[in-house]
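Biologist: I have a model open and want to learn to read its side chains. Can we go feature by feature?

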Amino acid sequence: MAETTEKIRAFLEPILEGTDIFVVNVKVKPINNIKVYLDAESGFSIEKCSMVNRKLYAQIEAAEMFPAGDFSLEVSSPGVDEPLVQYRQYVKNIGRKVTVTDKEDTEKTGILKEVTEENITLEIKPAKQKQSLIVTQIPFSDIKKTVVQIIF
């Protein structure tokens, strides 16, 4: 499956070139179900999704990767409950509320203020209102997962 995943990623490169769309993840299940998760700095619209799906499907068929066309392809953005996995996702979500779980399973929730190659900066409201905001840096190497919090 790793070889198939790499081929899919290679097919995506020219399709995404010149766009703000980027690959978050590619999964291939043993039943030839291909799931491609994409995102974009300007948002991943249905139009962008359809365009990528059509072009990628045609490339997979042309390469005859699966006998008798026996495969399914799903192209989508990751769900809102999916953790951030790419640097570009972190940058896109600056200013949003996130919950970061570190490698010791400690959670910190705050506003994502800054992202560098090495770490992220969170602004956390203190438990008591009279205290000032807490600004903390968390190295990517210490992050187990980061999930954007949806505010209604």
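Biologist: Is Phe-71 buried or exposed?

Modeller: This model is predicted. Burial is read from relative accessible area, and under 20% counts as buried. Phe-71 comes out at 11%, so Phe-71 is buried.

Biologist: Which ring does Phe-71 pair with, and in what geometry?

Modeller: Two rings pair if their centres lie within 6.5 Å. By this rule there are three aromatic pairs. One of them joins Tyr-57 and Phe-71, with 4.8 Å between the centres and 35° between the planes. That pair is tilted.

Biologist: What parts does this pair tie together?

Modeller: Look at where each partner sits. Tyr-57 belongs to helix H2, residues 46–62. Phe-71 is in the loop between H2 and strand S3, residues 72–76. The pair therefore ties together parts that are 14 residues apart in sequence. Tyr-57 is partly exposed, at 30% relative accessible area.

Biologist: Which residues make up the cluster?

Modeller: Ring pairs join Tyr-57, Phe-66 and Phe-71.

Biologist: Now the backbone. What is phi at Glu-64?

Modeller: Phi of Glu-64 is near 50°, which is positive, and the residue is not glycine. Glu-64 lies in the loop between H2 and S3. Glu-64 is exposed, at 66% relative accessibility.

Biologist: Where does Asp-105 lie, and what is its phi?

Modeller: Asp-105 is in the loop between strand S4 (97–102) and strand S5 (107–115). Its phi is near 65°, again a positive value in a residue other than glycine. Asp-105 is partly exposed, with a relative accessible area of 48%.

Methods: Residues are numbered from 1 along each chain as its sequence is written. This is a predicted model: local features need pLDDT of at least 70, side-chain atom pairs count only at pLDDT 80 or more; totals for chains, interfaces and linings use all residues. Side-chain values use heavy atoms; hydrogens and water are left out. Rings of Phe, Tyr and Trp (its six-membered ring) pair if their centres lie within 6.5 Å; planes under 30 degrees apart count as stacked, over 60 as edge-to-face and the rest as tilted. Helices (H or I, at least four residues) and strands (E, at least two) are DSSP runs, numbered from the N terminus. Buried means under 20% relative accessible area, exposed over 50%, partly exposed in between (1.4 Å probe, protein chains only).
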